Amino acid sequence: MLVVGLFASSAARPQPVDTPTRCGVAPRPDEVLQRLNELRSHGAVCRQAGSLAVAAPLRWSDSLAAVAAAQSHDMALLRQMRHRDRLDRALGERLAAAGYRFSTAVENIAVGYDSLGQVVDAWLASEHHCDNMLNGAVLELGLACSDDATAAAPGEGRYWTLVLGAPRAAPRVDRSALNTARQIGARSAR
């Protein structure tokens, strides 16, 4: 079984997004970002009666790519497409275990597509998956694939995972409230 998280791409050769890709020579993060950010800037209609949705560009996250790689690996190991890992953890639990604090997170999974172009097109044809990719609340992504070594045909046992998220913002401190509390504390100490 071959597993590749796209965060380790220094040795990867550039390939057009629609050519068959072994997970060992997976699309580079810049290729993934180009494809998804182009989609988000031009928009897509994700619902039959919906309107064109556009969203801000995404940035790459090594943390999300590691979570995506682990999920793709687990699916290939189990030879089953599912949103829970082999420890039966959902996306939120997997992100927490990886130390990724998020305000929003979504996941697309797929099996049987040879290339990034093919899997993105399949997700675009699915209302829920399309909504995830165009979700304006997500700011970053990680993507990975894993091949099941026992698959008979190229791409047949290729498991893809796309994790999109927005890190939880640090709590804002109201300085005026702190100053008032300090003043009250200073008065009561007198």
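Predicted model: local features only at pLDDT ≥ 70, side-chain atom pairs only at ≥ 80, totals over all residues.

Me: Why is glutamate 140 called buried?

Reply: Its relative accessibility is 8%, and buried means under 20%. So glutamate 140 counts as buried. Glutamate 140 sits in strand β4, residues 140–147.

Me: What makes the pairing of glutamate 140 and tyrosine 100 a polar contact?

Reply: Their side chains are joined at 2.6 Å, and the cut-off is a pair of N or O atoms within 3.5 Å. Arginine 59 passes too: its side chain makes a polar contact with that of glutamate 140 at 3.0 Å. Both partners, Arg59 and Tyr100, turn up among the residues in contact with glutamate 140 once neighbours within four places in sequence are left aside, and that list also includes Leu58, Leu64 and Pro167.

Me: How do you know that glutamate 31 has no salt bridge?

Reply: Look at the nearest side chain of opposite charge: arginine 28 is 4.7 Å away. A salt bridge needs a side-chain nitrogen of Lys or Arg within 4 Å of a carboxyl oxygen.

Me: What does the backbone nitrogen of arginine 28 do, then?

Reply: That nitrogen lies 2.6 Å from a polar atom of the glutamate 31 side chain. As for location, glutamate 31 belongs to helix α1, residues 29–42.

Me: How do you know that the length of helix α2 agrees with what it should span?

Reply: Helix α2 covers residues 62–78, which is 17 residues, and at 1.5 Å a residue it should span 24 Å. The expected span takes one less than the number of residues. The end C-alpha atoms are 24 Å apart, so the two agree.

Me: Which residues of α2 are buried, and what comes just after the helix?

Reply: The buried ones are Leu64, Ala65, Val67, Ala68, Ala69, Gln71, Ser72, Asp74, Met75 and Ala76. Just after α2, arginine 79 takes a positive phi of about 55°.

Me: And for the whole chain, how much counts as buried, and how much area is exposed?

Reply: Of the 190 residues, 42% count as buried. The chain exposes about 10,100 Å², with carbon and sulfur atoms supplying 53% of it. Among contacts with a separation of 6 or more, 68% come from residues 24 or more positions apart.

Definitions and conventions
Residues numbered from 1 in each chain as written. Heavy atoms only, no water. Helix = DSSP H or I, 4+ residues; strand = E, 2+ residues; numbered from the N terminus. Buried < 20%, exposed > 50% of the residue type's maximum accessible area, 1.4 Å probe, protein only. Lys, Arg positive; Asp, Glu negative; His and termini not counted. Polar contact = N/O pair within 3.5 Å; in protein donor to acceptor, adjacent residues only side chain to side chain. Contact = heavy atoms within 4.5 Å. Areas by Shrake-Rupley, 256 points an atom, 1.4 Å probe, with all protein chains shown as cover.
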